[in-house]
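Hello,

Here is the structure for your review. My notes on what turned up follow below it.

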Amino acid sequence: MPDRESTADTAREEADAVRRRRRAQFLRELAEARALRDRVQPRRAKAARLRHALRMRTFRW
């Protein structure tokens, strides 16, 4: 029965690869959308950066 196990492992690895590829594509598109929003709304982007910096300063490791 090792053939079945190897085909199951191969199928799972392919599914994981597809999932990782789709996730990478999503993250690229998300970063692109954020960059576009930052270019279109620079004041809001600056305020968001300042809020994030404040959160990071007050965060305790």
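**Surface and overall form**

The chain exposes about 6300 Å², and carbon and sulfur atoms supply 55% of that area. Areas come from the Shrake-Rupley method with a 1.4 Å probe; for residues, only the protein chains shown count as cover. This is a predicted model: local features need pLDDT of at least 70, side-chain atom pairs count only at pLDDT 80 or more, and totals for chains, interfaces and linings use all residues. Residues are numbered from 1 along each chain as its sequence is written, and side-chain values use heavy atoms, with hydrogens and water left out.

The secondary structure comes to 2 helices and 0 strands. These are DSSP runs, numbered from the N terminus: H or I of at least four residues for helices, E of at least two for strands.

The radius of gyration, taken over C-alpha atoms, is 21 Å. A compact globule of 61 residues would be near 10 Å, by the rule of 2.2 Å times the number of residues to the power 0.38. The C-alpha atoms fill a box of roughly 60 × 35 × 5 Å along the principal axes. Of the 61 residues, 2% count as buried (under 20% relative accessible area; exposed is over 50%, partly exposed in between; 1.4 Å probe, protein chains only).

**Salt bridge**

The whole structure holds 1 salt bridge (a side-chain nitrogen of Lys or Arg within 4 Å of a carboxyl oxygen of Asp or Glu). Arg12 pairs with Asp9, with the closest N and O atoms 3.5 Å apart. Both lie in helix H1, 3 residues apart, about one turn of the helix. Asp9 counts as partly exposed because its relative accessibility is 35%.

**Largest pocket**

A pocket here is an open set of points on a 1 Å grid over the protein atoms alone, where a 1.4 Å probe fits, with protein on both sides within 12 Å along at least five of seven lines; lining residues have an atom within 4 Å of a point. Arg37, Asp38, Gln41, Arg44, Ala45, Ala48, Arg49 and Arg51 line the largest one. Helix H1 (2-40) and helix H2 (42-58) each give two or more residues to that lining. H2 gives the most, with 5 residues.

Best regards
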